[in-house]
Amino acid sequence: EMGLSFYHPDDVDEVSSIVEEAIEKGGTFEFTKRLIVADKSEVTVESHGMALLDSEGHAVRIVGVFREV
């Protein structure tokens, strides 16, 4: 949840949906969206990640990276 607060308000719902789907299905995600940085400017980032599942298929962690594009 806290990580979502860094995304541009217009992108939060879509980012949340993408990541939630990866959590539910145990899959990967990839998207390009805007972050709001400390000086309040926008930075476009490309994100890649995945949900790690336990032996029962429940998400226990989300790992990933993003880079400025």
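Is Val63 buried, partly exposed or exposed, and at what relative accessibility? In this predicted model, Val63 has a relative accessibility of 32% and therefore counts as partly exposed, since that class lies between the limits of 20% and 50%. Val63 is found in strand E3.

**Overall layout**

The protein chain holds 1 helix and 3 strands. Read from the N terminus on, the elements follow the order α-β-β-β. The C-alpha trace spans about 40 × 20 × 15 Å along its principal axes. Of the 69 residues in the chain, 25% are buried. The accessible surface of the chain comes to about 4,900 Å², and carbon and sulfur atoms account for 51% of that surface. Among contacts between residues at least 6 apart in sequence, 31% join residues at least 24 apart.

**The sheet and the helix**

The 3 strands form an open sheet in the order E1-E2-E3, with antiparallel pairing. Strand E1 (28-36) and strand E3 stand at the edges with a single partner strand each, so one side of each has no neighbour in the sheet. On average, neighbouring strands of this sheet are turned by 30 degrees against each other, direction ignored. Strands of a sheet pair through backbone hydrogen bonds, either parallel or antiparallel.

E1 and E2 run antiparallel and are joined by 9 bridges. In this pairing, Glu30 has His48 in E2 as its bridge partner. E2 and E3 also run antiparallel, and 9 bridges join them. Here Val45 stands opposite Glu68 in E3.

E1 and E2 form a hairpin with 5 residues between them. Lys40, in the turn, has a positive phi of about 75 degrees. Val37 is also found in the loop between E1 and E2. With a relative accessible area of 30%, Val37 is partly exposed. The C-alpha atoms of Val37 and Ile18 are separated by 21 Å, and the two residues are 19 apart along the chain.

Helix H1 (residues 12-25) lies across E1, E2 and E3. The helix runs at about 155 degrees to E1.

**The nonpolar patch**

Val63 belongs to a nonpolar patch on the surface, together with Met50, Leu52 and Val60. The four residues have about 290 Å² of accessible area together. Strand E2 (42-53) and strand E3 (59-68) each supply at least two residues of this patch.

**Salt bridges**

Side chains of opposite charge can pair when their charged atoms come close. The structure holds 5 salt bridges.

| Salt bridge | N to O distance |
|---|---|
| Asp11 and Arg34 | 3.0 Å |
| Glu21 and Lys25 | 3.3 Å |
| Glu46 and Arg67 | 3.0 Å |

The side chains of Asp11 and Arg34 meet in one of these salt bridges. This pair links distant parts of the chain, with Asp11 in the segment before H1 and Arg34 in strand E1, 23 residues apart. Asp11 is buried, at a relative accessible area of 7%, whereas Arg34 is partly exposed at 24% relative accessibility.

The salt bridge between Glu21 and Lys25 lies within helix H1, where the two residues are 4 apart and therefore separated by about one helical turn. Glu21 is partly exposed, at 42% relative accessibility. Lys25 is exposed, because its relative accessible area of 62% is over the 50% limit.

Glu46 lies in strand E2 and Arg67 in strand E3, so the pair ties together parts that are 21 residues apart in sequence. Arg67 is exposed, with a relative accessible area of 51%.

Definitions and conventions. Residues numbered from 1 in each chain as written. Predicted model: local features only at pLDDT ≥ 70, side-chain atom pairs only at ≥ 80, totals over all residues. Heavy atoms only, no water. Patch = residues over 30% accessible without salt bridge, like charges linked within 9 Å, V, L, I, M, F, W, Y side chains within 5 Å. Areas by Shrake-Rupley, 256 points an atom, 1.4 Å probe, with all protein chains shown as cover. Buried < 20%, exposed > 50% of the residue type's maximum accessible area, 1.4 Å probe, protein only. Pairing = 2+ DSSP bridges. Axes fitted to C-alpha atoms, helices over the stretch in contact; angles between N-to-C directions. Contact = heavy atoms within 4.5 Å.
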